[in-house]
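Student: I have a model open on my screen and would like to learn how to read it. Could you take me through it feature by feature?

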Amino acid sequence: MKIAVLSGKGGTGKTLVSVNLAAATQTSVYIDCDVEEPNGYLFFRPEGVEEEEIAIKIPSVDEQLCNGCRICVDFCKFNALAYINGKLKIFNEVCHSCGGCILFCPEKALSEQDKVIGRVQKGTSENVTVNTGILNIGEASGIPIIKKLLNDILPGPEFIFIDCPPGSACIAMESIRDADYCILVAEPTLFGVHNFNMVYELVKLFDKPHGVVLNKCLEGKNPAEEFCLEKGIRILGRIPFDNELGLLNSNAQIAVRENENYKMLFSALLQIVTEEVQK
Amino acid sequence: MRIAIPVDEKSIDSSVCQSFGRAPYLLIYDTDSKASEFIDNKAAVSQGGAGIKAAQTVVDANISALLTPRCGENAAQVIKGASIKIYKTIDATALGNIKVFIDGELSLLDEIHPGFHGRGNR
C-alpha cells in the first residue's frame, strides 16, 4: 500500500510521521518527494547509497539548418524561444520540456539535449529502503524527479510511505497521484488550519481516502481538531507536544528506534492506518 | 528613430505601464514622422515568458530604443541581443517620456530585475 503523508504548512510534522511510521514496520520503503529540501535521509542515514542523475529534455538549435520561419517561437506557450538578429535564442529555464518545438520544426533544426536538474539517491537503513529526490537549486520544477521516484517503485513491499512536499501545488499533486491513502498532518495553530484546509480540499478533489494525525497536541483548545470534528474528518492519532520527542527529532534520531513509548504510539498508528487503507 | 513604450491605454497621453512584459499595449513612436502606433501585447496573457514575447514584439517592430520603468532579465537579453538600448522612464505619461527622450534627458536602465516568473507583481 502506498501511503502519502502531506500537510499544507511546512514544519507541521510530515517527515516526523512518515519516517517513524516507516521505522515502525517490519520492512518498508520511504520515499522523500520533498525534493526542494529533502530531510528524511538525515534521520535514516541510509547506507549503500546509489545515486542517479535526473535530466530533462531541452531543445538545441543547429543554426545551419534554421531558416528563421519562427514556427517554434509561435508554438511555445511558455515563450521559451525568441528569434533575434537572424538567430534563434532558447531560454532553457523557461522551457517546460514539452518537445513541441522539435516536432514542429520543418527544417529539423531543433534536437533534444539533456539538462540535469537533480538526482535520486537510494540506500537502506535497517528495515527501511530510503529513496530521496534532490532538485538542484534554481530549477523551476521538481516534477520530473518525483515522477522518477514513484515510477521506480518495485512491486512487493507492503508499505510505501511518500513524504510529500508542503503545500497543495502541482508537486504535491504529483506526489499523491498514485497513493492508496493520504495521511494529513495538522498542527494546533490557526495558520496551520488554514493551510491544512487547502490539502484537505486537494485530497477530496483527488478522491483519496484520508485521515488526520494531530501533531504538537497541547492541553486546551486545538483549532485543527475542531476543524476535523466540524468537517467529519477521521482522526487517526495524536502526537503530544513533548520535549523528549523534540529533542530526539532535533538530534536527527528516529523516535521509534530510541524510545519505547513512541515505538508503541507509532505502531498503534500504523495499525490504525493499515485498517483504514483496507476498508 | 522608432521607440517603444509599454502603455496602459491606446493614447499618447496614456500612463506608462509599470510592467513591460504584461503591458496591455505597446506604443511604437516615430520621432521623425511623429506617428504613433499601438500594438496589442499578446504576451500580456501568456502563461509564462511574457517578457520574452513582448521583447520579440518590439524587436520585430524595428525600434532603436525601449523606454520602460522596469525590465526583466530575459526580456533584456532579447532587447540587447537586437542591439536596442533600454532607457528608464521618469515621467508618468508616454508623451512626457517621449519629450524628455528627444531632449536627451533619459538615462539607460541599469537595474535589470531577475523577473517575476509567475509570482505576480511585487
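Student: How many salt bridges does the rule find across the interface of chain B and chain A?

Tutor: Side chains of opposite charge can pair when their charged atoms come close. The rule asks for a side-chain nitrogen of Lys or Arg within 4 Å of a carboxyl oxygen of Asp or Glu. Across the interface of chain B and chain A, one salt bridge is found: Arg70(A) meets Asp60(B), with 2.5 Å from N to O.

Tutor: A word on the ground rules. This is a predicted model, where local features need pLDDT of at least 70 and side-chain atom pairs count only at pLDDT 80 or more, while totals for chains, interfaces and linings use all residues. Residues are numbered from 1 along each chain as its sequence is written, chains are lettered from A and ligands numbered from 1 in the order in which they are written, and side-chain values use heavy atoms, leaving out hydrogens and water.

Student: Which helix gives the largest share of the side of chain B that touches chain A?

Tutor: Helices here are DSSP runs (H or I, at least four residues), and strands are too (E, at least two), numbered from the N terminus. The largest share comes from α1(B), with six residues.

Student: How many residues of chain B are in contact with chain A?

Tutor: Contact means heavy atoms within 4.5 Å. By that rule, 16 residues of chain B are in contact with 14 residues of chain A.

Student: Is Cys101(A) buried or exposed?

Tutor: Buried means under 20% relative accessible area, exposed over 50%, and partly exposed in between (1.4 Å probe, protein chains only). Cys101(A) counts as buried because its relative accessibility is 8%. Cys101(A) sits in helix α4 of chain A, and its contacts beyond four places in sequence are Pro59(A), Cys72(A), Phe75(A), Leu81(A) and Leu110(A). Phe104(A) is also placed in helix α4 (residues 100-104) of chain A, but counts as partly exposed because its relative accessibility is 48%.

Student: Which parts of chain A does the salt bridge of Glu276(A) and Arg234(A) tie together?

Tutor: The closest N and O atoms of this pair are 2.8 Å apart. Glu276(A) lies in helix α11 (residues 260-278) and Arg234(A) in the loop between α8 (223-231) and β11 (235-240), so the bridge ties together parts that are 42 residues apart in sequence. Glu276(A) is buried, at 12% relative accessible area, whereas Arg234(A) is partly exposed at 37%.
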